[in-house]
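This briefing goes through one protein model by topic. Please keep the sequence and the structure open while reading.

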Amino acid sequence: MYMYDGYHFGGMHFIWWFIWMVFIFWIFATPWDIPGQRKKRITPLEALKINFALGKITKEEYQEKKKSLENLSGL
């Protein structure tokens with residue numbers, strides 16, 4: 001029977017424990033967007049373009065709000 005000889009931790013080499021901990025941390029704590037998992041944040045200008053494309057706002061409203069957003073971003 002195989003005996004513990006100081007090089008294993010619970011049946012695995014120390015390096016494997018390290019790899020598993022990094023992998024688990026990467027799964028649960030990554031700040032990056034994972035494709036297919038989280039939605040991309042859209043900017044206010046992109047939201048305005050989407051609303052205009054869907055017909056929710058008129059051309060005049062779009063131009064007025066776009067101008068307002070461009071003035072805010074210039075601050």
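Predicted model: local features only at pLDDT ≥ 70, side-chain atom pairs only at ≥ 80, totals over all residues.

Residues are numbered from 1 along each chain as its sequence is written, and side-chain values use heavy atoms, with hydrogens and water left out.

**Overall make-up**

- The protein has 3 helices and 2 strands, taken as DSSP runs (helices H or I, at least four residues; strands E, at least two) numbered from the N terminus.
- The order from the N terminus is β-β-α-α-α.
- Of the 75 residues, 7% count as buried (under 20% relative accessible area; exposed is over 50%, partly exposed in between; 1.4 Å probe, protein chains only).

**Packing of H2 and H3**

- Helix H2 (residues 44-53) packs with helix H3 (residues 59-73) at about 175 degrees, the axes being 10 Å apart; axes are lines fitted to C-alpha atoms over the stretch in contact, and angles run from 0 to 180 degrees between N-to-C directions.
- H2 and H3 are therefore roughly antiparallel (over 145 degrees).
- H2 contributes Pro44, Leu45, Leu48, Lys49 and Phe52 to the contact, and H3 contributes Lys59, Tyr62, Lys65, Lys66 and Leu69 (heavy atoms within 4.5 Å).

**Aromatic rings**

- Ring pairs link Trp20, Phe23 and Trp26 into a cluster (centres within 6.5 Å, using the six-membered ring of Trp).
- Trp20 and Phe23 pair edge-to-face, at 6.0 Å centre to centre and 80 degrees between the planes (edge-to-face is over 60 degrees).
- Both Trp20 and Phe23 lie in helix H1 (residues 14-29), 3 residues apart.
- Trp20 is partly exposed at 41% relative accessible area, and Phe23 is partly exposed at 39%.

Key
Parallel < 35°, antiparallel > 145°, perpendicular 65-115°, else oblique. Phe/Tyr/Trp six-rings, centres within 6.5 Å; stacked < 30°, edge-to-face > 60°.
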